[in-house]
Amino acid sequence: IEIYNMEKHYIKNKLYNTSVLRVVDGISLSISKGETFSLIGESGCGKSTLGRIIGKLLTPTTGKILFEGRDITKLVRKKDKKLQKDIQYVDKEASFKWIKRYTVFKMLEKVLETHEMRSNTNGHCLTSHLLNSMGLAHIAYHPIQGLTPGERQLVNIACAFILQPKLLILNDPLSGLDLSVQSQVLNTLSHLKKKRAITYLFISDNLNASYCISDQVAVMYKGRIVEKGTVSQIYEEPIHPYTQALMSTIPSIYKRERIVLKGAPPSLSSPSNGCPFYKRCPFAQEACKSRQPLLREIRSGQFVSCHLYT
Ligand code: SF4
């Protein structure tokens, strides 16, 4: 999937004091087939909004999305069955409102039926096979309402996976789960990926999880990508001052002193002509205030947006 100059703005009108919230502010990136690509950054940096735009659940203000070379920018998800199947979106909390009384098996069958896949792919076999490979066979005939949060999230992923999507967007899928359940979900995702070439877009502020599962990582700050590279480049040799501070919170990976940032995360409504990290950056210079740094390749495959490296 390729996205170009993606922007999502909201108009905030607080007692006529109108301001523009630049939630996604000019992002371009591409994710290769079969890759696990993570978007990380503090909450409110725009990563979930970007994920929803890529999943065609939200219309961008401007920008272009290509999926397998096809321009899907203007396609409406509800009207395009192929798109609904090819790109699946799993949200942070599994919500099975009207089907809590269904068993896990029946719910997966229902998903297949809704997408008219049951008759032509032998849905029954598909469902049993998936439940087995996800280690969920023992709860196949349990009603949804009796499942633990971890089991519900795995069933949520199964509902997306059974449609055999090409791209699976996982928005903070480990949120609210115990550590042991988090590793079970991550192991299941890795196991499923080995069986089928699927692309994951993993959105999370869980840095350890992103480290375990990713091939490529992009770090977002105030609606923009400040650094992008392979998982080892970002976690072991971060270049951008914000990425360095973020990674210093995981001492086991980034073996340097903890970097404590001053100030609060920026408001999305305060426009910045310069670097979005200017107010908190320990290395800020005068030029950073007025000139926006471009994302440039500093090392092979590692892109950074910072005037220190131009
Ligand atoms: Fe810091 Fe300037 Fe680099 Fe921004 S451009 S990260 S303010 S040094």
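The legends below describe close-up views of a predicted model of one protein chain.

Figure 1. The protein chain has 10 helices and 12 strands. Its C-alpha trace spans about 65 × 45 × 40 Å along the principal axes. The radius of gyration is 21 Å, which agrees with the value near 19 Å that a compact globule of 310 residues would have. Of the 310 residues, 38% count as buried. Among contacts with a separation of 6 or more, 62% are between residues 24 or more positions apart.

**Figure 2. The open sheet of eight strands.** The strands follow the order β6-β7-β8-β3-β9-β10-β12-β11, and their pairing is mixed. Strands β6 (87–90) and β11 (296–299) stand at the edges; each has a single partner strand, so one side of each is left without a neighbour in the sheet. On average, neighbouring strands of this sheet are turned by 20 degrees against each other, direction ignored.

**Figure 3. Strand β7 and its two partners.** Strand β7 covers residues 167–171.

**Figure 4. Strands β3 and β9, side by side.** Strand β3 (residues 36–40) and strand β9 (residues 216–221) pair in the parallel sense over four bridges. The bridge partner of Phe 37 is Gln 216 in β9. Ser 38 stands opposite Val 217 of β9. Five of the six residues of β9 are buried, so β9 is largely enclosed by the rest of the structure.

**Figure 5. The hairpin of β9 and β10.** Strand β9 pairs with strand β10 (residues 224–230) in the antiparallel sense, over six bridges. Val 217 has Gly 229 of β10 as its bridge partner. The two strands form a hairpin with two residues between them. Lys 222, in the turn, has a positive phi of about 50 degrees.

**Figure 6. Helix α1 across the sheet strands.** Helix α1 (residues 47–54) lies across β3, β7, β8 (199–203) and β9. The helix runs at about 150 degrees to β8.

**Figure 7. Pro 60 in a loop.** Pro 60 is found in the loop between α1 and β4 (62–67). Thr 49 is 11 residues from Pro 60 along the chain, and the C-alpha atoms of the two are separated by 9.3 Å.

**Figure 8. His 9 in strand β1.** His 9 lies in strand β1 (residues 2–14). This residue counts as partly exposed, because 16 C-beta neighbours lie inside 10 Å. Neighbours within four places in sequence aside, His 9 is in contact with Val 20, Leu 21, Arg 22 and Thr 61. His 9 and Phe 277 are 268 residues apart in sequence, and their C-alpha atoms are 19 Å apart in space.

**Figure 9. The shell around the ligand.** The ligand is surrounded by 13 residues. The closest are Cys 275, Cys 281, Ala 284, Cys 288 and Cys 306. By class, the shell has 11 nonpolar, two polar and no charged residues.

Notes. Residues are numbered from 1 along each chain as its sequence is written. This is a predicted model: local features need pLDDT of at least 70, side-chain atom pairs count only at pLDDT 80 or more; totals for chains, interfaces and linings use all residues. The radius of gyration is taken over C-alpha atoms; the globule rule is 2.2 Å times the number of residues to the power 0.38. A residue is buried if 20 or more other C-beta atoms lie within 10 Å of its own, exposed if 12 or fewer, and partly exposed in between; C-beta atoms are placed from the backbone. Two residues are in contact if their C-beta atoms, placed from the backbone, lie within 7 Å. A residue is near a molecule or strand if its C-beta atom, placed from the backbone, lies within 6 Å of it. Ala, Val, Leu, Ile, Met, Phe, Trp, Tyr, Cys and Pro count as nonpolar, Asp, Glu, Lys and Arg as charged, and the others, Gly among them, as polar. Two strands pair if DSSP finds at least two bridges between them. Axes are lines fitted to C-alpha atoms, for helices over the stretch in contact, and angles run from 0 to 180 degrees between N-to-C directions.
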